[in-house]
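Hello,

Here is the structure I promised to pass along. Please have a look at it first, and then read my notes below.

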Amino acid sequence: MNPVIETILQHRSIRKFEDRGLSDEQIRTIVKCAQAASTSSFIQAYSIIGVKNKEKKRKLAELAGNQSYVENNGHFFVFCADLHRHEIVGEMENVDLSATLESTEKFMVALIDTALAAQNAVLAAESMGLGACYIGGLRNNLPEVCELLNVPKRVIPLFGIAVGYPAQNPDKKPRLPFHHVYHEETYEQDRSKLEDQLKHYNDTISSYYEKRTNGKLRDTWTGQMANLLSKQVRMYMKEFVERKGFNLK
């Protein structure tokens, strides 16, 4: 155990912040830590848009499903998959890179690079005593988000991260059992084992919700997931991604 591991294991999403902005030094440190993340073949296929303007954050909150913490935080970061600069690279070097930039592989590289950078940013923020919450709700209305942030082709805002000084200390949600996530040598496909692990996890989650809500809720994880995944949401995404010049080949 060390301070880094302790910070990681104490993660919880913060959705209520003090009315205090982050300093320029804090923002720069968080971004520099994001940039220190691993990146496939040094491609660095992401960009980060910082939003301080209150009105712009209000509009983003509305687009993300009226989540108040998108508007009320110390700073709002939007993490974008970005191959726009690589298109410029091709023009600078007189090489046609379109086939590569439009490949599914480079789409995946951009997604992975962005996620790795974002997790570094969150860990850095939390190590500074700040709280953070990922905002996937931006994908509810990506065309409008792109227009608001003046995002060019080959750039897709994937999610936001609200960061600030915590004004709450929520309980940490129990994760899936270790042996359900970690497999040695090969993927465990024994259906009875997997179902048994999920049943035990359901008991854990039900107890968590019962305690958190003073007995008002006894939800299960499998019930939550079945309900969530039975609803078709953001079904415009494939067409939108292709219009942005990603995942065409």
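How many aromatic pairs does the count come to? The count comes to seven aromatic pairs, where rings of Phe, Tyr and Trp (its six-membered ring) pair if their centres lie within 6.5 Å, and planes under 30 degrees apart count as stacked, over 60 as edge-to-face and the rest as tilted. Before going on, please keep in mind that this is a predicted model: local features need pLDDT of at least 70, side-chain atom pairs count only at pLDDT 80 or more, and totals for chains, interfaces and linings use all residues. Residues are numbered from 1 along each chain as its sequence is written, and side-chain values use heavy atoms, with hydrogens and water left out.

**Rings**

Tyr-208 and Tyr-209 make an edge-to-face aromatic pair, with 5.1 Å from centre to centre and 65° between the planes. Both Tyr-208 and Tyr-209 are buried; buried means under 20% relative accessible area, exposed over 50%, and partly exposed in between (1.4 Å probe, protein chains only). Ring pairs also join Phe-79, Tyr-134 and Phe-159 into a cluster.

**The core**

The largest nonpolar core has 54 residues, and Phe-76, Phe-79 and Val-163 touch the most other members. Helix α7 (residues 104-127) gives the largest share of this core, eight residues. A nonpolar core here is a set of buried Ala, Val, Leu, Ile, Met, Phe, Trp, Tyr and Cys residues joined through side-chain atoms within 4.5 Å. Helices (H or I, at least four residues) and strands (E, at least two) are DSSP runs, numbered from the N terminus.

Phe-79 is worth a click in your viewer. Leaving out residues up to four places away in sequence, Phe-79 touches residues including Ala-34, Ile-48, Ala-118, Ile-156 and Phe-159; contact means heavy atoms within 4.5 Å.

Ile-27 lies in helix α2 and counts as buried because its relative accessible area is 13%. Apart from neighbours within four places in sequence, Ile-27 is in contact with Leu-22, Lys-52, His-75 and Phe-77. Ile-27 and Val-163 are 136 residues apart along the chain, and their C-alpha atoms are separated by 9.7 Å.

Asn-202, in helix α10 (residues 191-212), is classed as buried because its relative accessibility is 12%. With residues up to four places away in sequence not counted, Asn-202 touches Asp-219, Thr-220, Trp-221 and Thr-222.

**Salt bridges**

Side chains of opposite charge can pair when their charged atoms come close. A search of the whole structure turns up 13 salt bridges, each being a side-chain nitrogen of Lys or Arg within 4 Å of a carboxyl oxygen of Asp or Glu.

One of them brings together the side chains of Lys-52 and Asp-24 (2.9 Å, N to O). This pair links distant parts of the chain, 28 residues apart: Lys-52 is in the loop between β1 (46-51) and α3 (54-63), and Asp-24 is in helix α2 (residues 24-35). Lys-52 and Asp-24 are both exposed.

Helix α12 (residues 237-243) holds Lys-238 and Glu-242, four residues apart, about one turn of the helix. Their side chains meet in a salt bridge (2.7 Å, N to O). Lys-238 counts as exposed because its relative accessibility is 59%, whereas Glu-242, at 28%, counts as partly exposed. In helix α12 you will also find Glu-239 and Arg-243, which are separated by about one helical turn because they are four residues apart. The side chains of Glu-239 and Arg-243 form a salt bridge as well (3.4 Å, N to O). Glu-239 is exposed at 52% relative accessibility, and Arg-243 is partly exposed at 48%.

Glu-87, Glu-102, Arg-154 and Lys-249 are linked in a network of salt bridges.

**Cysteines**

How many disulfides does the count come to? The count is zero, a disulfide being a pair of cysteine sulfur atoms within 2.5 Å. Cys-33 is in no disulfide, and the nearest cysteine sulfur, that of Cys-80, is 19 Å away. Cys-33 is partly exposed, since its relative accessible area is 29%. Cys-146 is buried, with a relative accessible area of 6%. Its closest cysteine sulfur is in Cys-80, and at 7.6 Å that is too far for a bond.

Best wishes
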